[in-house]
Structure formats: structure tokens, C-alpha cells
Amino acid sequence: MIVYSGLKTDFMNSVENDSIAIEIEQMIQEKMGRKTPIAEFRSWENSLSYMYKVLNVSDIPSDAGIAIEYNIPQTSKRVDFLISGYDDSENPGVTVIELKQWDELKCIRGVDALVETYVGGGLRTVVHPSYQAWSYAQLIRDYNATVQDEDITINPCVCMHNYIRQENDPVDDKIYGSYYKEAPVFTKGQISFLRDYIRKTVVKGDKNITLDKIENGKIRPSKSLQNAISSMLQGNKEFVMIDEQKVVYEKILQLSEMSQRDYKKRTIIIKGGPGTGKSVIAINLLAELTIRDQMVQYVSKNSAPRDVYKRKLKGDFKMSSIDNLFKGSGMYTETKRNSIHTLLVDEAHRLNEKSGMFHNKGENQIKEIINSAYCSVFFIDESQRVTMDDIGSIDEIKKWAKDLDSELYEMELVSQFRCNGSDGYISWLDNTLGIRDTANFDLDGIDFDFKICDTPNEVRKLIVDKNRSGVARMLAGYCWDWNKQEANNTDYHDIVIDDFEMSWNLGSGEPFAVSDTSINEIGCIHTSQGLEFDYVGVIIGKDIRYENDHVVTDFSKRARTDQSLKGIKKLYKEDPEEAKRRAEEIIKNTYRTLLTRGMKGCYVYCEDPNLADHFRQRMMAYAKGFHSHKDSNKENNNEPANDRQN
């Protein structure tokens, strides 16, 4: 959808009459039904006045097409400014211009395409503007059939008209080289260079024909995108499906394809515990449905699984259309009904009501996702809700499916492929933590390497050893403050217990789950949920302890910087019992999630010695059985159980 459309002469007249921002504001109200914040209105006035100066030359034709605020179909993303026409060879083309009012930015090293700048009332980490412009152009190339069939050139660039470029400027840092090569940045005083760039695609006017064609183009993934994701998935053993995973996968394919034929809305709920293969199914569906000409996206609230799966699919490639297949759950607040073929929502228990940086956008993420897609698939484990904002539940999904007239289907994944395939370990853990009563009172007969350690240093040593032959990570509950100012300083240690010191996972660098340096840091629920490792070492903080024969929780022991329990103190004043119930669920679910990230083993240190003894008592039959099986002479010594082969 294009908010404002016209010829260059129309645009120039509107700017001269001081009406351009008013016209756009009226169009947004008419087409999108929303009011424009004053800051956005002012930004149009400033940036579009600058574009008036750029276009105020005779050799950019007066009948060139102009579009402002082009809403890329199937997304909530809008391109700021587009100019269309023909080049010297009569080939149609569009210059895509991302307008920025920034006047400074800082590099962020160790990560891909991120910078820090002042936006939204404070310093924020955002993508480099060249990456943003390139990714928007790539979305248009990858999903607009007219662009593909008529070979329309899409040339992206950035105009930062307030930015004074310096020698060795951070915007030009070589770490962003692959992106600004594809989408150059033009800054204050570079109008002539921007004009030259526009002339590469717009030498002759097209009377807005090209933009009209793009606006009405059919949505279809390009062959290059289909080939790319297909080749990336082939031979990748991490995404091989087995047994019931394949059954669920085929059923979802069938239902999704039905929605494309009969245009009926369908909502599919896939229930499954840790390690049952929910993410494996989602990634395979992402690839196959894209190959079948669907506009499909993998969605998660938490960025960690998106970043990891992108990395695993892309390998060492930085620039890839694959990036645009992965979206955050707050991206659908303004998406039209049934504008996307299929949405695959992983970790659906983490969905929130409101979206946006300040949690002030939209109404309900579940509603918005179901509304946006013909077919929406929710992979969910209600026992992994870990913040006050998590509203993802089967009942909530059912409610919105009914309200939005969507057919509902439910399936369940039961077989356990993590924790050495042991459903018994998870049942034992639930019993031990007091989450639910099960028949698994001990670890007898359960083939999973579990150990309670006397010190956190012992946990670290075991994890470092295991990481030499696999992927092992340290994790912890959120009981230690995270110092934002030291977020990228590995020498600053957030977590201190006696003589043990380590940093929370750093704010820069590769995703925690795949970075080689992560062995030197401790991950949290936000960087590990939805992911798996060979072994995990978990530090259980003072927010959970054992007293009077019960496992109890204490939200007052959580870190001050912890956002997962934001609002709990207010709730406690209003309804103490409900506050304690909510806090207990979140804290226990957090540790249940951390303690089930390992495929082969888990080593634990508890700050509360009574809780450590409780764990040891519950695993006692397992320990006795294990030692008698391995070496009856060692039954009474302290040899670690983790030395056995898995």
C-alpha cells in the first residue's frame, strides 16, 4: 500500500504549498485508520523539504513517479521515499530512499549491521541504515511478482540530511562495507551525489506506471529465495525430522495449502514440551512453504532463536534474503487481514499483549498474528511462560481463533529428543521443583547426566571440559543485576559468588548459543530459551529455596534489573496471594526451562544449601543404582556422575 502517490510535479507543488505533511497525515488516517504522532509529522516536514531540494533540477524528469510511505505488503514496514522512471535503455527502475534525521551514530563491533544512535527518546541499538534500506529493497525483490517478471531494478540508498560526515566516520566503518556498497549513505552537503544516484534508474519519466505496477503486483517468493533456503536446509542434520515430528509437519503442510486454495482461515496449535522438536518442524515448514510459493515467516517474541536459526541457515554469509523470513512477534500491529499466507509462531507461550519499544502498540499479539495470516501455527509449551508479560496460552489462542472466524486444529508432540530422550527426567524435574506431582520420584533408570555441584567453580570446570568436544554453556537465574554500561566488557563480572566471578552474556558479538566466546560468559533465560546445547551448567539463585519440606520462591531476591517480574510489587500490594502465585509460576518455569536446555547432561549449583540437599535426596536412588552398575567399590565416594559416557 502506498500512502502518498503522484508525479514529481505534484510532490514539488505540495511542498511549495506547505501541504505535503498534511496530505500524508490525511492519507494515513484514511487508509490505515490511525492518527499521526506530532514527531512523525515534523519528520515529514523536515525530510521532505530536503527531498524537494534534491529533486529541484530539470534533469530529474517532472513526470517521474513519486511514492511516500510505501507499506511493503505482508509487513508493517514502510519505505520512506521512492522515485520511479526509466534508465537510458528504457528499463524500468525505482530508487528507494530511507530518510534519517540522525546527526550522530556509534559503531557496535562484534555483531552484524548494528549501530547505536539517539532515537525514540534515548540511545538505542538499531540496524545500520544501509542494512535497513537494503533489506527493504530485498523484500520488494523477493516477494513482488511484477518486479521479478518485468525485471524492475530496485536501487536502495540512505539520505541522512542532518548528519555531518567526518573523516573515518563510523557510518563508513568497514564492518558495514557489504551493506553500504549495496545501499550507499548520502549525508549533509551531498545533494549532488544523491542526484547522480537517482539518475542511475530515473533518466526518463514513467508517469508513475512502475510504482502502480509494484503496488498491484502479486505476492510470490522469488526463485532465488526459494533456491537459497532449499540449499541451506539440505544436508543440515540439525533440521532432520523423525517420527511424530514428520507426522505433524505433513499435517500442517496439508492444512496450510488448503487455506491457500479455499481462502479459509486456519489456526493450528502444536503443544509440546522441551526438546520435542517444535523448532525443527517450524524451520522445515518455513523452507517448504516458501518453495511452494507462499509468503511465510518464522515468528518469535524472543530474538535469540531467530538469530541462531538465521545463523545456522546462512552459515558465513552476511547478506541474505533469509533474514527477511524471520520476524519479531510485534511486527503485525498494522498488517491487513489475511495479507500473509502462513505464520509459524515458535515459543508462542512468550507472546505479549502490547508491542513496540514502550509496549504501547497494537491490542494483542495473538489476535494480530491470526488476523494477518490465512494459516497461523502456534508452537507452545505453557510451562515455559517466564515473564509477567507472557500471555501465550492455548485458551487465549482458541479465544482469538473463534473471534476471528478461524478453523481450529490441535496436535501434540510427546516424544522427547532433548535430555537424552528422557521424558522421565522432565517429569522428575517437575516433581522435584514442585510444579506438578508425577510418578518420577527419583532418577533411577533415567539415562541423563545430572549432578549437583558443591560450588559454581565446579560447574564451570565441568562445562569448560564438555565444551571441548561439544557445545556446553553456563546459565543462571536472573538474581544478579545486569550493568548496562558494562554490557560489552568481559572483564566486568556481574555474577559474584564467593570466589566465583563471571559476566552475563555480552551485549555485542554473535548469538550466545553459537559464539565461541560464550563459554566465558553466563547466559540467561532470554538468550537460551528455545535453544539447546549438549550440556548446561545452571546456577540457581536465591529466588528459590527449600524450607519446611517445600520448594518456595521469593521474588524479592530477583535482580533489580530483571524485567520479567516488572509490576509484581504493585500487584503484591493489590493482591498478595495472586502476586505470589504469579511469581512462583514464573520463577519455577524459568528454572525448569534452564534445566532442560541440555541434550546430554546438566550440572547444577544451588545458592540455597537446603535446595541442593533436596535435589540430592530426590536423585538418591539414581545415584545408588548408577554407582553399583559402574563400580560397586565407588558407591560411597564422591566421584562425579558426569564421567560416564552418554
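Buried means under 20% relative accessible area, exposed means over 50%, and partly exposed lies in between (1.4 Å probe, protein chains only).

## The model

This is a predicted model: local features need pLDDT of at least 70, side-chain atom pairs count only at pLDDT 80 or more, and totals for chains, interfaces and linings use all residues. Residues are numbered from 1 along each chain as its sequence is written, and side-chain values use heavy atoms, with hydrogens and water left out.

## Salt bridges

Side chains of opposite charge can pair when their charged atoms come close. A salt bridge here is a side-chain nitrogen of Lys or Arg within 4 Å of a carboxyl oxygen of Asp or Glu. The whole structure has 40 of them.

One of these joins Arg199 to Asp59, with the closest N and O atoms 2.9 Å apart. Arg199 sits in helix α7 (residues 191–199) and Asp59 in the loop between α3 (38–55) and β2 (65–71), so the pair ties together parts that are 140 residues apart in sequence. Helices (H or I, at least four residues) and strands (E, at least two) are DSSP runs, numbered from the N terminus. Arg199 is partly exposed at 23% relative accessibility. Asp59 is partly exposed too, at 41%.

Lys451 and Glu458 also meet in a salt bridge (3.5 Å, N to O). Lys451 is buried, at 11%, while Glu458 is partly exposed, at 25%.

## Helix α9

Helix α9 spans residues 223–233, and Leu225, Gln226, Ile229, Met232 and Leu233 are buried in it. Seen down the axis of α9, these buried residues fall within an arc of 140 degrees, so they line one face of the helix. The arc is that of the directions from the helix axis to the C-beta atoms.

The buried residues pack against α4 (129–143), α11 (278–291) and α12 (303–314); contact means heavy atoms within 4.5 Å. On the other side of α9, Lys223 and Asn227 are exposed.

## Two loops with positive phi

Most residues other than glycine have a negative phi. Asp498 has a positive phi, near 55 degrees. Its loop runs between β18 (495–497) and β19 (500–504). Asp498 is exposed, at 70% relative accessibility.

Asn548 has a positive phi as well, near 55 degrees. It lies in the loop between β22 (544–547) and β23 (550–553). Asn548 is exposed, with a relative accessible area of 67%.

## Cysteines

The structure holds zero disulfides, a disulfide being a pair of cysteine sulfur atoms within 2.5 Å. For Cys453, the nearest cysteine sulfur is that of Cys602, 9.2 Å away. Cys453 is buried, at 2%.
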